[in-house]
Structures are given as structure tokens and as C-alpha cells.
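I opened this notebook to record what I looked up in the structure. The entries follow the order in which I consulted it.

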Amino acid sequence: MTGETDLSPARLRHARFAIAAVFCTHGAVTGSFATRIPWIQDHAQLSAGTLGLALAFPALGAAVAMPLAGRINHRFGARAALRALLVLWTLSLILPSLAPNLATLCFALLVYGATAGMADVAMNALGVETENRLGRSIMSSLHGMWSVGALIGSAAGTVAAHAGADARLHHLVAALALTAAGLVAVRGVLDLHSAAGAQAPPHFALPPKSALLIGAIGFCAVFAEGASMDWSAVYLRDVLDTNAGLAAACTTAFALTMALARLVGDRVVDRFGAVRTVRAGGVLATAGGVLVVTAGDPAVAIAGFGLIGLGIAVVVPLAFAAAARSGPAPAQAIAGVATITYTSGLIAPSAIGAVADATSLVVSFGLVTLLAFALVAGAAVLRQKPVAAGSAPVDRDEPAGIRP
């Protein structure tokens, strides 16, 4: 992509902080929504089963809409596309709490997921472009800022729920505040455009083969993440007979481990390279899975879940970065990987439950352990050689200190 001529260190630092703020804003929307799901369930008078059906629609909307983000990027440029898509995403937070029944909630969540997915693709594509120009890894910390935003949004939502606030009012105020924050943040991102004469990506297309292989690595990591987030507390309660407070603390600890690991992950990637980092992470996550399935004590299981979170934390950011460098259409490749990872996040909780019903939760997390080990075996697909603007090819798997 082409665009700004001012690529001074000060300008690039400003652009990095700006795209980090965008990621934080995106995460805050998710956190704000998640904490009010019980209110939305009561308002729409849904059973647990029908709520589960409705909650499948965000992933469906994202999967359908994400391929469009590449074309929007090409047509309007990275900054303008991100501005429009982020505003649509922040304002879509208003919709679910307004839904009075299952049908309207499904439609609201379809729109919510579609705008989330398109904004996700746009911000990751611009994050990779910023990373390329900086010449060092930033994608892990960007996803760490997304996690920080999700924690901020969920904390505010928890306060609102505890105060008994109507979710319609809460989400209206949150949406307006996050829209304003997003607009301010987008002003500082790089203003990039497709090169003159570049062919527009198709409206819809299957992801390239390279993105499928990279997406498979992302699938394993997101499956382990979704399983651990949704089932770790249940595992401690049902398998290890732990009290509810300690079980819930395990889930919180897992989320914090993921966020902290992502915030510092760029230094590790710059030092050891993407492939080595993911292989080492796969080893840690596999060891964590082994601890979980063999644990006879809650402390051992909590340590195991912590290792899983630590091991998988940087995989998805690195998968997006590798996808963007895998061919001539970065947004299309990112959309392909994002579709696969969204699908993994959708099926992981139900798959763990189905295996547990047929066998046990211990066997379910044996499956998670196998997928964690797949990161060790498949990490090499993340090795890519991009060409940064105005520079020679750079092997992004090489540590920063020995790049040519």
C-alpha cells in the first residue's frame, strides 16, 4: 500500500499508539456487551437453549461480512475504511439490548457480528502495515490492548449491572463514548491507499491456501482459548470439587495471563522470531494441558490453565501478521484467517461440552492438549518474508538483532 510520505520515527510512534487505541476501543465494545448478556436474556425472555442459538449469530455475521472489508479498504483507503467500520461497530452495541424477542435479537447479533468482523479485519490489516514500517513486532501488544479494552468494558458493565442499570441506557452511553474515542484514535493511524492500478479484491472469495494453513494454527489456539475461558471454572468445580469463588478466579486469572503475555509478547517475538515463539508457546500450552488433565489439586489445575494462556497468547496476533504477508491481498488473507478463528471460537465451547457428555471433562481437555501440541508441529507456516515499503525483503521469523 502507498500513502503517507512522513514515516519519521515520531510519526510511526504516534501511528502505533493510535492503532493500539483502536484495538482497545474494539475490545471495550465486546466487554461491554458480554457483561449484560443476562439482562438481554431476561429482556427477550429466552431460555438457555434459545440464548445459545442467538449467540451463534455474531460469528455467522462476521464470517459472512469479513471478506467485504478488503474491498472497502481498497476503495476508500485504510484510514477512511477503518473510521467507518469502527463507528458501525461501536454503534452496533446499542442493538442487542433493544431486542424484545429471539428473532429480533438474532438479527441484532448478526449485524453486531458483521460490523465486529469487518472492523477487526481493517484494524489488523492496518496494524500489520504499521508493524512493517516500524520494522519490529507490535501485533502481540495490539491484541494485548484489545484484551485491556475488553477488561475495561467488562469492568464498567459489571458496575452498571451491580447498580441495576437498564442495559439499553448503559449500552447507549457506552456506544456514544466509544464512538467518540474511536474517532479520535483513528485520526492518528497511517493514511494508506492501494497502489495505483492495483486490482480490487473480489466481494467474496475463498481464502488463499496459505491463509488456510495459517488459519489452522489460529484455529488450534482459539479453540484452546475458548475451551479454557468457558470451561475452566466448570472443570475446577466438577472435576476437582472446588468452591465457586476459586473456580471463578481461575477464569479471571486465565484472562489476565493472556492479556499480560500479549502486552510483552512483541519483545519475545523480536528476540526469537515468530516460529520459535509459537513453538515455545506450544510447548508451554501442552505442558499446561498435561497439568490440567492430571491435576489432583486445584492449584495444579490453575497453574495448568495459566500455562495454556501463556502459551497461546501471541499465536493469533502472529497468525494475522503472517496472513497479511502471505500474498498480494493482505485484507483478504486476514479475513480468511479471521473467519477460521471466529469459527473455532464458536464451536470450541459446544465441542468441549459434547465430548464431556460422551466421556468426561478430563478427556475434553486431553483434546485441548493435543491441539496445543499441534502448535509445536505447525509453527513453521508462520514463517513469511514480506517486503516493507522502500526496503529489502525481511525475514520476519529472524530475531531483530540479526535481520539483514
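**Entry 1: a helix pair**

I began with the contact of two helices, in which Val268, Val269 and Phe272 of H11 meet Ala274, Arg276 and Thr277 of H12. By class, the residues of this contact divide into 4 nonpolar, 1 polar and 1 charged. I note that the model is a predicted one.

I then looked up the geometry, given that two packed helices are described by the angle between their axes and the distance between the axes. Helix H11 spans residues 244–272 and helix H12 residues 274–294; they pack at an angle of about 120 degrees, and their axes are 7 Å apart. Angles of 65 to 115 degrees count as roughly perpendicular and those over 145 as roughly antiparallel, and H11 and H12 are therefore oblique to each other.

**Entry 2: the whole chain**

I next turned to the totals. I find 16 helices and 2 strands in the protein. Of the 404 residues, 51% are buried. Among contacts with a separation of 6 or more, 84% are between residues 24 or more positions apart. I recorded an accessible surface of about 16400 Å², with 69% of it belonging to carbon and sulfur atoms.

**Entry 3: the nonpolar core**

Which residues have the most contacts inside the largest nonpolar core? I list Ile19, Val22, Leu82, Phe305, Ile312 and Phe365, in a core of 111 residues. Helix H7, residues 102–134, gives the most to this core, with 15 residues.

I followed Leu82 further. Leaving aside residues up to four places away in sequence, leucine 82 touches Ile19, Val22, Ala119, Ala122, Met123, Leu126, Val186 and Val189.

**Entry 4: a covered helix**

How many residues of helix H14 are buried? I count 10 of 10 for this helix, which runs over residues 315–324 and is mostly covered. The buried residues of H14 include Val315, Pro317, Leu318 and Phe320, and also Ala321, Ala322, Ala323 and Ala324.

**Entry 5: positive phi values**

Glutamine 45, although not a glycine, has a positive phi of about 55 degrees. I located glutamine 45 in the loop between helix H2 (37–44) and helix H3 (48–54). Its relative accessibility is 71%, so glutamine 45 counts as exposed.

Aspartate 241 also has a positive phi of about 55 degrees and is not a glycine. I placed aspartate 241 in the loop between helix H10 (209–238) and H11. Is aspartate 241 buried or exposed? With a relative accessible area of 69%, aspartate 241 is exposed.

I looked up alanine 56 in the loop between H3 and helix H4 (57–76). Alanine 56 has a relative accessible area of 26% and is therefore partly exposed. Between alanine 56 and isoleucine 347 I read a C-alpha to C-alpha separation of 9.1 Å, for positions 291 residues apart in sequence.

Serine 147 and glycine 27 are 120 residues apart in sequence, and their C-alpha atoms are 6.1 Å apart in space. With residues up to four places away in sequence not counted, I find that serine 147 touches Ala259 and Arg262.

Terms used: Residues numbered from 1 in each chain as written. Predicted model: local features only at pLDDT ≥ 70, side-chain atom pairs only at ≥ 80, totals over all residues. Heavy atoms only, no water. Helix = DSSP H or I, 4+ residues; strand = E, 2+ residues; numbered from the N terminus. Buried < 20%, exposed > 50% of the residue type's maximum accessible area, 1.4 Å probe, protein only. Contact = heavy atoms within 4.5 Å. Areas by Shrake-Rupley, 256 points an atom, 1.4 Å probe, with all protein chains shown as cover. Core = buried A, V, L, I, M, F, W, Y, C linked by side-chain atoms within 4.5 Å. Axes fitted to C-alpha atoms, helices over the stretch in contact; angles between N-to-C directions. Parallel < 35°, antiparallel > 145°, perpendicular 65-115°, else oblique. Nonpolar A, V, L, I, M, F, W, Y, C, P; charged D, E, K, R; others polar.
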